[in-house]
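Colleague: Could you walk me through this model before I set anything up? I'd like the overall picture and then a couple of residues.

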Amino acid sequence: MSNAVPHTFAITVDPADIDFMGHVNNASYLKWVQDAVVDHWRAFAPVEAVKQYLWVATTHSITYRRPTFLEDTVIAHVILEKVQGARAFYETVIKRGEDVLAEVKSSWCCLDASTLRPARLARELVEKFLPSAE
């Protein structure tokens, strides 16, 4: 059982997100996950850490469950599953009410903002996201 601090991120479906079939285009989900994970980082990390570190996605695996439409109220539920070295592993569930629209597993690499090289986070910082992390 994860001890991760959950985070929610409200998503606004923009007319530009809608494709020729009348629902949200796949590419928009990637942007939403990027925005939600970065918002999670900014919500829990100290201001100094936000300035010191950047995050880049290394993989996304998306399972689409239901289509999303322009007028939908959408929330991303973000959970940091684990941090391993300079990598973080997230699960983001995008929902409309109780309906799961998409489930996303993603991995991210932490970069030092000045060198743009991979950077490990201090244990104290990781514990802000994963209390009692080992």
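Modeller: A residue counts as buried under 20% relative accessible area, as exposed over 50%, and as partly exposed in between, with a 1.4 Å probe and protein chains only. By that scale Glu91, at 25% relative accessibility, is partly exposed. Please keep in mind that this is a predicted model, in which local features need pLDDT of at least 70 and side-chain atom pairs count only at pLDDT 80 or more, while totals for chains, interfaces and linings use all residues. Residues are numbered from 1 along each chain as its sequence is written, and side-chain values use heavy atoms, with hydrogens and water left out.

Colleague: Where does Glu91 sit, and what does Glu91 touch?

Modeller: Glu91 belongs to strand β4, residues 87–96, where strands are DSSP runs of E with at least two residues, helices are runs of H or I with at least four, and both are numbered from the N terminus. Not counting residues up to four places away in sequence, Glu91 touches His77, Val78, Ile79, Glu81, Val104 and Lys105, a contact being heavy atoms within 4.5 Å.

Colleague: How far is Glu91 from Gln52?

Modeller: Their C-alpha atoms are separated by 24 Å, and the two residues are 39 residues apart along the chain.

Colleague: Switching to His7, is it buried or exposed?

Modeller: His7 is buried, with a relative accessible area of 11%, and it lies in strand β1, residues 7–11.

Colleague: Which side chain does His7 have a polar contact with?

Modeller: The side chains of His7 and Asp39 are joined by a polar contact of 2.6 Å; the term means a pair of N or O atoms within 3.5 Å, where within protein one must be able to donate a hydrogen and the other to accept it, and residues adjacent in sequence count only if both atoms are side-chain atoms. Leaving aside neighbours within four places in sequence, the contacts of His7 also include Ala36, His40, Phe44 and His77.

Colleague: And the whole chain, what is the order of elements?

Modeller: The protein chain has three helices and five strands, running β-α-α-β-β-β-β-α from the N terminus on. Its radius of gyration is 15 Å, close to the 14 Å that the globule rule gives for 134 residues, so the chain is as compact as a globular protein of that length; the radius is taken over C-alpha atoms, and the rule is 2.2 Å times the number of residues to the power 0.38.

Colleague: How much of the chain is buried?

Modeller: Of the 134 residues, 40% count as buried.
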